[in-house]
Amino acid sequence: SSDAQLLGEFLKIRHKDTVLDIGCGSGVLLLYASLHQPKAMYGIDLYEEIIRQAEHNLALNGLSAELITGRIQDYRERRFDVIVCNPPFFPATEENLMKTDPALRAARHETELSLTDLFLSVNALLEEKGHFFLVHRAQRFNDIMHRAQDNGLALKRIRTVCRKQNGSVRCILMEFVRGAATECTFEPPQYL
């Protein structure tokens, strides 16, 4: 989807950073992260077949990353300088939108990863002054900010994305910093 591309282009990563992609899917955000030549890349996803697809896509581009099959809620092996995530956008209560395929359902709905669990995991895995990059629906802004503040994450940068000029905001791109007071930069909107 365009969400992964938008987030990938929004990333700011340094050469010394270790990067984790939560819900790495096919590996597209790891491919974007690789453009910054980070020190190391990691990805985690629930399904082995999804991990295999990410491995294949990285290999096609001459890249590698440590890829883990499992729930982020259970992973506590190390901490990261940068975490990126294109999370499920819809609460599990929106059943009329639910997909029957478990992988598609987990990618779109908070059945396996709620916004609360996402921010708790980021708090546990992100280094002090580390950066967390997120794309989400604009309608969830208040909920996102509440979860971020509860977990010691300060909003550093935000960009809105609209389908057209003077159109409604489709999604938001956000960069948070853990444990550091920071001013927030509102970037000019981006148009699809």
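Because the model is predicted, local features need pLDDT of at least 70 and side-chain atom pairs count only at pLDDT 80 or more, while totals for chains, interfaces and linings use all residues; side-chain values use heavy atoms, with hydrogens and water left out.

**Exercise 1.** Find the buried residues of helix α1 and what covers them.

*Solution.* Start with the terms: helices (H or I, at least four residues) and strands (E, at least two) are DSSP runs, numbered from the N terminus. Buried means under 20% relative accessible area, exposed over 50%, and partly exposed in between (1.4 Å probe, protein chains only). Next, go along α1, residues 2-10: D3, A4, L6, L7, G8 and F10 are buried. Finally, look at their cover, which includes helix α2 (28-34) and the strands β4 (80-85), β5 (126-137), β6 (153-162), β7 (169-178) and β9 (190-191).

**Exercise 2.** Describe the salt bridge of R178 and the surroundings of its two residues.

*Solution.* A salt bridge is a side-chain nitrogen of Lys or Arg within 4 Å of a carboxyl oxygen of Asp or Glu. By this rule the count comes to 10 salt bridges. The partner of R178 is E128, with the closest N and O atoms 3.0 Å apart. R178 sits in strand β7 and E128 in strand β5, 50 residues apart, so the pair links distant parts of the chain. Now check the accessibility: R178 is buried at 14%, whereas E128 is partly exposed at 47%.

**Exercise 3.** Compare where the R147–D143 and R159–E187 pairs lie.

*Solution.* Take R147 and D143 to begin with: their salt bridge spans 2.9 Å, N to O. Both belong to helix α6 (residues 141-150), 4 residues apart, about one turn of the helix. D143 is partly exposed, at 25%. Then turn to R159 and E187, whose side chains meet at 2.6 Å, N to O. R159 lies in strand β6 and E187 in the loop between β8 (185-186) and β9, so this pair ties together parts 28 residues apart in sequence. R159 is buried at 16%, and E187 is buried at 18%. Salt bridges with shared partners join R157, R159, E175 and E187 into one network.

Notes:
Residues numbered from 1 in each chain as written. Contact = heavy atoms within 4.5 Å.
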